[in-house]
Amino acid sequence: MWLNIKSFEEYNQIYNQSETDRLKFWEHEAGTFYWRKSWDNVHSGGFEKGDIKWFEGGKLNITENALDRHLNTIGNKTAFIFEPNHPDSFRRTITYRQLYDDVCRFSNVLQEKGIQKGDRVCIYMAMTPELIISALACARIGAVHSIVFAGFSAQSLAERIQDCDAKMLITNDGLRRGDKHVPLKDISDEALKSCPTVKNVIVCQRTNRDIDWVEGRDEWWHMLIRNASKVHKAVEMDAEDPLFILYTSGSTGKPKGVLHTCGGYMVYTSYTFRNVFQVSEEDVYWCTADAGWITGHSYIIYGPLFNGATGVIFEGVPNYPDAGRFWEVVEKYRITHFYTAPTAIRALMSYDIKYVQKYDLSSLKVLGTVGEPINEEAWHWYNDHIGGGRCPIVDTWWQTETGGIMISPLAGITPTKPGFATLPLPGIFPVLMDENGKEIQGNGVSGNLCLKYPWPGIARTVWGDHERYLKTYMTSYKGYYFTGDGCRRDPEGYYRITGRVDDVLNVSGHRLGTAEIENAINEHPNIVESAVVGYPHDIKGQGIYAFMICENDPNDPVAFKKEIHNLVTKIIGPIAKPDLIQIAPGLPKTRSGKIMRRILRKVAAKEAEDMGDVSTLLDPAVVEEIKGGKAY
């Protein structure tokens, strides 16, 4: 039987059971799936060597659990409702049977194009059903999918393709995002100039604009799939075989290819989706994320499908054609479960409340937030105006590397508190660590958030660089997984995430490495050196503030800022553009050459009155000059 927690008393009981016998707890969860062969060993390895394995020797195909096993019971149930960018455009509903047929057809297409088990396939697409079909078809044939958010630049796309040696790229001719056109095929063509491993490009029509075409490499999706057979036997996979690579920013310039595997990820995403959201058979669930991020992988594609849920695929943006778009969709499809980012909530709060009030939101049962901690003001607006004070809010904390939700209320079960992720899920054991690497006991304390034991959904490595995996997550605190987040545990034992403690920014719920942005800025011929920090931003949570030393002070700082924006957009993508730039005579450095970022953070946050001890700086006078500078 599935584990379905139905009361807070039951939560406490099951949490204690999971602590008493972790392996038995996870074995029970895994036993609810269809396995072609059961596992030989529930779990081995640990954080010391990063050699973590779950359900070793187990044989399965993840798509048989997402699709095949539902056909005889809910084959005619809607799996996805597709809501296009413009509300008047053609929308679709796709049943589990139709999704299965399309995945089988595209699996045959991939195999006919020479894609085999273990090959990497890059997906750079609009948020449409074809993106999800592509990912599931890869999983069905044992290929490793790498979805790249369709807002990244040609250079960022190329870096990701090169890092994993992808053999194929699947893309669109273009996409519409709000009132903007994004020429995906043109961007892909530019990226592929430096990607010799890509032999085939499959292009799915979306905008019907004229595009360049490379004969022998490029082929149309609709031409390939129309005659493909809908009969396909899924390839047998080991529980520890790779499922997907997803690139996430780190504290160094190069993005990390986080690798998730088949068995543990399946068990964990299914368990967390079911218990956090408490979705019933008749409910309509909508996660507004893009599949280019982990939230889309775990809680649009895999988690809901394992549980036979009906989900929404949303191509648009929250404020197009106006600020009522989210709420119009909620009314249209009678959405019951709504999962979005605090950034979106804060942005929509700034509009007239009439955009909410004109729609009937009475269908809503559960609200959720993801990507960053939600501030109390946004929590109350969300609770009062969207949920009408009757919908529990699940403020979920997790990461790309964790695979699924780790700390969160269970909807309607855990008593909530604004701004708090509340309590860990059964099977998850967080600890707070001090600067000496010791666990901080008791409540009413703060420290660095670590995890004490592995869980099935944890990423297994960084693609091609296991040393980086160990260094990033498992060396700061020996024997623990370090999340990179600071955290407070209140007197009741509830957890509140206080933000990143490393050089990674959380901008609109997206992780961006400061080094990655600095490297892009430094490409400008007039830049000698730059330093990027985060600062409090009313909408994004964290904004990007770039301090720059220039060869020659620009005559027009506003025009110069535009040059920096264009450069960063070209190299990374528009999500990484600095909100503010400041031309500085120098940067605060120690005598060993390390930039004292805490000083820059205080300047950016307008907290420059107390800079602390600056006597150890190579040039303490530069601090006063930076404090007196102007941001653009």
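This is a predicted model: local features need pLDDT of at least 70, side-chain atom pairs count only at pLDDT 80 or more; totals for chains, interfaces and linings use all residues.
The seven-stranded sheet is open and has mixed pairing, with its strands in the order 5-4-17-16-18-19-20. Strand 5 (92-95) and strand 20 (393-395) form the edges, each pairing on one side only. From one strand to the next, the twist averages 20°.

Helix 11 lies across strand 4 (78-83), strand 16 (284-287) and strand 18 (337-340). Its direction makes an angle of about 160° with strand 16. Because 13 of the 13 residues of helix 11 (residues 294-306) are buried, this helix is largely enclosed by the rest of the structure. Burial here refers to a relative accessible area under 20%. Helix 11 is followed by G308, which has a positive phi, near 70°. Helix 12 (residues 325-333) lies across strand 4, strand 16, strand 18 and also strand 17 (310-314). The angle between helix 12 and strand 4 is about 140°.

Two packed helices are described by the angle between their axes and the distance between the axes. For helix 2 (residues 22-30) and helix 10 (residues 262-277), the angle is about 90° and the axes are 10 Å apart. Helix 2 is therefore roughly perpendicular to helix 10, given that angles of 65 to 115 degrees are assigned to that class. On the helix 2 side, the contact involves F25, W26, E29 and A30; on the helix 10 side, V267, Y268, Y271 and R274 take part. By class, six residues of the contact between helix 2 and helix 10 are nonpolar and two are charged, with no polar residues.

Strand 22 (residues 445-451) is paired with strand 24 (residues 481-489) in the antiparallel sense over six bridges. In this pairing, N448 has G486 of strand 24 as its bridge partner.

Technical notes
Residues are numbered from 1 along each chain as its sequence is written. Side-chain values use heavy atoms; hydrogens and water are left out. Buried means under 20% relative accessible area, exposed over 50%, partly exposed in between (1.4 Å probe, protein chains only). Helices (H or I, at least four residues) and strands (E, at least two) are DSSP runs, numbered from the N terminus. Two strands pair if DSSP finds at least two bridges between them. Axes are lines fitted to C-alpha atoms, for helices over the stretch in contact, and angles run from 0 to 180 degrees between N-to-C directions. Contact means heavy atoms within 4.5 Å. Angles under 35 degrees count as roughly parallel, over 145 as roughly antiparallel, 65 to 115 as roughly perpendicular and the rest as oblique. Ala, Val, Leu, Ile, Met, Phe, Trp, Tyr, Cys and Pro count as nonpolar, Asp, Glu, Lys and Arg as charged, and the others, Gly among them, as polar.
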